[in-house]
Amino acid sequence: MFFERHRGGERAVLVQLHLDGEARDLSLLEFEELVSSAGGEPVAVVTGSRRAPHARTFVGEGKLEEIAAACRDNEAELVIFNHALSPSQERNLERALSCRVLARTGLILDIFAQRARTHEGKLQVELAQLTHMSTRLVRGWTHLERQKGGIGLRGPGETQLETDRRLLRVRIKSIQGRLERVRNQREQSRRARRRAELPVLSLVGYTNAGKSTLFNRLTSSTVYAADKLFATLDPTLARVDIEHLGPVLFADTVGFISDLPTTLVEAFKATLEETANASLLLHVVDVAADNRDELMADVQTVLAEIRADALPQLLVFNKLDLLEQPARILRNDQGTAVAVYVSAVTGDGIPLLLEAVRERLSVSLFDEEVTLDATRGRLRAALYAQGAVCHEEWQSDGSSRLHIRMPLSDWRRLNR
C-alpha cells in the first residue's frame, strides 16, 4: 500500500488526557499494552486534563511543549494519543513535534494488520485501513496538490491527490465486493447448519479475557492463545459432541475493546455476523479484572452495534485460578443458569460450563422415557451409538425401557 505505517520497535511517547464530560477515563495500562502489542516501546507517558480538545492540536500549548520535551529527552520517534484525532489535528501535531503522530484508531488498525493470517482477515483489515486513511492522504501528498504538467501531460488533467483518491475508491469497492462474496459463502454455511439444527455457541468478550484458551480447552484445538491484546483476529469454528446434547459448533471470535473503531466494526461485518447468528453467546469475562463491570458494558455496546445484544447469553467468569475460588454455577430466581465460574488454564469448572450449556439449549432436547420391543434393535443400537441413553431397564416381556436425552432433531431423524 502507498501509505506508510509505523514500524515495530519504535520508541513512543504516550499521551492521554482526561476530558470533562467523559463517562470514564480509558485505562492507561490497557493503552500501554496496546502499544506493546503493536511492537512499540513506551518510553514516556504524558497525562493531563482539559475541558475540551483544542481545535488545532487537541492539547494546549503548554502540554504540546511537554510532549516535545519528552520526545527530545527520550529520543522518541513516535507520539501516540489514546484518543481519536482528526486528520488536521494529526498534521498540525506532526508539524509542531517533528515526528510521527498516531491516534488510538490507527494503533488498533496496526495491531490488526499484524495479526491477520487468513485471506479474509487481511481483506477486512485492508478495508478498515483504507477507509481510515482515505481522509489522511493529504498528509503524504501536499507537494502534489498542483496539477500534473510537462510534455504529454498538459491539459485539464487532475491533481496527484485526486488520482490517488480515485484509485483508493476503486480499491475499496473491489475489497467490498470480495467481502460480499465471503458474506454470501458464510450465509450458505449458516443455512446448512440451520437445516441440520446444529447449535452455534459463539465466544465473545473483551480482548485478552481468555476466549482462545477456553476454546482450546472445550474443543481440544490448538488455536493461538497468548497473554496479549488481540491475539486472535481470524474466527475459528470447531464441532464438539457434548454428552446428552449432541454435536454443537463453538466459534472463537475477535476480542472487543472500548472505543472500537467504527471502521473495524464495518469491515469485520462478515465475521461478526457469525456472532449475530449464534444460538447462545458465551460472554467470557476476566473475573480478576478490577474494572470487569466496565469491560462487560463495553462488550454489550459492541454487541448492540452488530445487533447481537438480544441473543441469549451465558456469562463465563474466567481466570478463576487467579482468585483461588471454587468453580460454581449462578442461577436466577427461576433456576436458570446465568453465569459459570471457570478456569480455562486448569480446566476447573469446565464440566459445570457444559452442564449450563446443556440446560440453556435444552429447549431443543428430547428428554423422555421410551419403551422399545424386541423388534426395535436397530433403533436401540443407534441410540447407544449417539450416547443418548441415560438409563435402561429390561421388562419381563423382553422389551426395554430407556431414558433418552438427545437433540430433538436427531430423535426425529432416527424415527423417520
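Q: Ser37, buried or exposed?
A: Ser37 is buried, because its relative accessible area is 11%. Buried means under 20%, exposed means over 50%, and partly exposed is what lies in between, using a 1.4 Å probe and protein chains only.

Q: What kind of model is this, and how are residues numbered?
A: This is a predicted model, with residues numbered from 1 along each chain as its sequence is written. Local features need pLDDT of at least 70 and side-chain atom pairs count only at pLDDT 80 or more, while totals for chains, interfaces and linings use all residues; side-chain values use heavy atoms, leaving out hydrogens and water.

Q: OK, where does Ser37 sit?
A: Ser37 is in helix H1. Helices (H or I, at least four residues) and strands (E, at least two) are DSSP runs, numbered from the N terminus. The C-alpha atom of Ser37 is 6.8 Å from that of Ile111, and these two residues are 74 residues apart along the chain.

Q: How do H1 and H4 pack?
A: At an angle of about 45°, with their axes 9 Å apart. Axes are lines fitted to C-alpha atoms, for helices over the stretch in contact, and angles run from 0 to 180 degrees between N-to-C directions. H1 and H4 are therefore oblique to each other. For the naming, under 35 degrees is roughly parallel, over 145 is roughly antiparallel, 65 to 115 is roughly perpendicular and the rest is oblique.

Q: Which way do they cross, and who touches whom?
A: The crossing of H1 and H4 is left-handed. A crossing is left-handed if the near helix is turned anticlockwise from the far one by less than a right angle, and right-handed if clockwise. H1 brings Glu30, Phe31, Leu34, Val35 and Ser37 to the contact, and H4 brings Arg104, Leu107, Ile108, Ile111, Gln114 and Arg115. Contact here means heavy atoms within 4.5 Å.

Q: What classes are those residues?
A: In the contact of H1 with H4, six are nonpolar, two polar and three charged. Nonpolar covers Ala, Val, Leu, Ile, Met, Phe, Trp, Tyr, Cys and Pro, charged covers Asp, Glu, Lys and Arg, and the others, Gly among them, count as polar.

Q: And H4 with H5, what angle there?
A: H4 (residues 104-115) and H5 (residues 119-133) pack at about 155°, with axes 10 Å apart. So H4 and H5 are roughly antiparallel to each other. H4 passes H5 in a left-handed crossing. On the H4 side the contact uses Thr105, Gly106, Leu109, Phe112 and Ala113, and on the H5 side Val125, Ala128, Gln129 and His132. By class, that contact has five nonpolar, four polar and no charged residues.

Q: New topic: how many residues are in the largest nonpolar core?
A: The largest one has 35 residues, and Val35, Ile80, Leu107, Phe256, Leu264 and Leu303 have the most contacts inside it. A nonpolar core is a set of buried Ala, Val, Leu, Ile, Met, Phe, Trp, Tyr and Cys residues joined through side-chain atoms within 4.5 Å.

Q: Which element gives the most to it?
A: That's H4, with five residues. Apart from this core lies another one, of 27 residues, including Leu214 and Leu218.

Q: Leu214 and Leu218... which helices meet there?
A: Both leucines belong to H8, and they join Arg217 of H8 in touching Ile350, Leu353 and Leu354 of H12. H8 (residues 211-219) and H12 (residues 350-360) pack at about 80°, with axes 11 Å apart. That makes H8 roughly perpendicular to H12.

Q: What about His283, buried or exposed?
A: His283 is buried, with a relative accessible area of 1%. It's in strand E8 (residues 280-286). Leaving aside neighbours within four places in sequence, His283 is in contact with several residues, among them Val204, Met296 and Leu315.

Q: Which phi value does Ser98 have?
A: Phi of Ser98 is near 55°, a positive value in a residue other than glycine. Most residues other than glycine have a negative phi. Ser98 lies in the loop between helix H3 (87-97) and strand E4 (100-102), and Ser98 is exposed at 66% relative accessible area.

Q: And Lys319? Where is that one?
A: In the loop between strand E9 (313-318) and strand E10 (328-331). Phi of Lys319 is near 65°, and Lys319 counts as buried at 17% relative accessibility.
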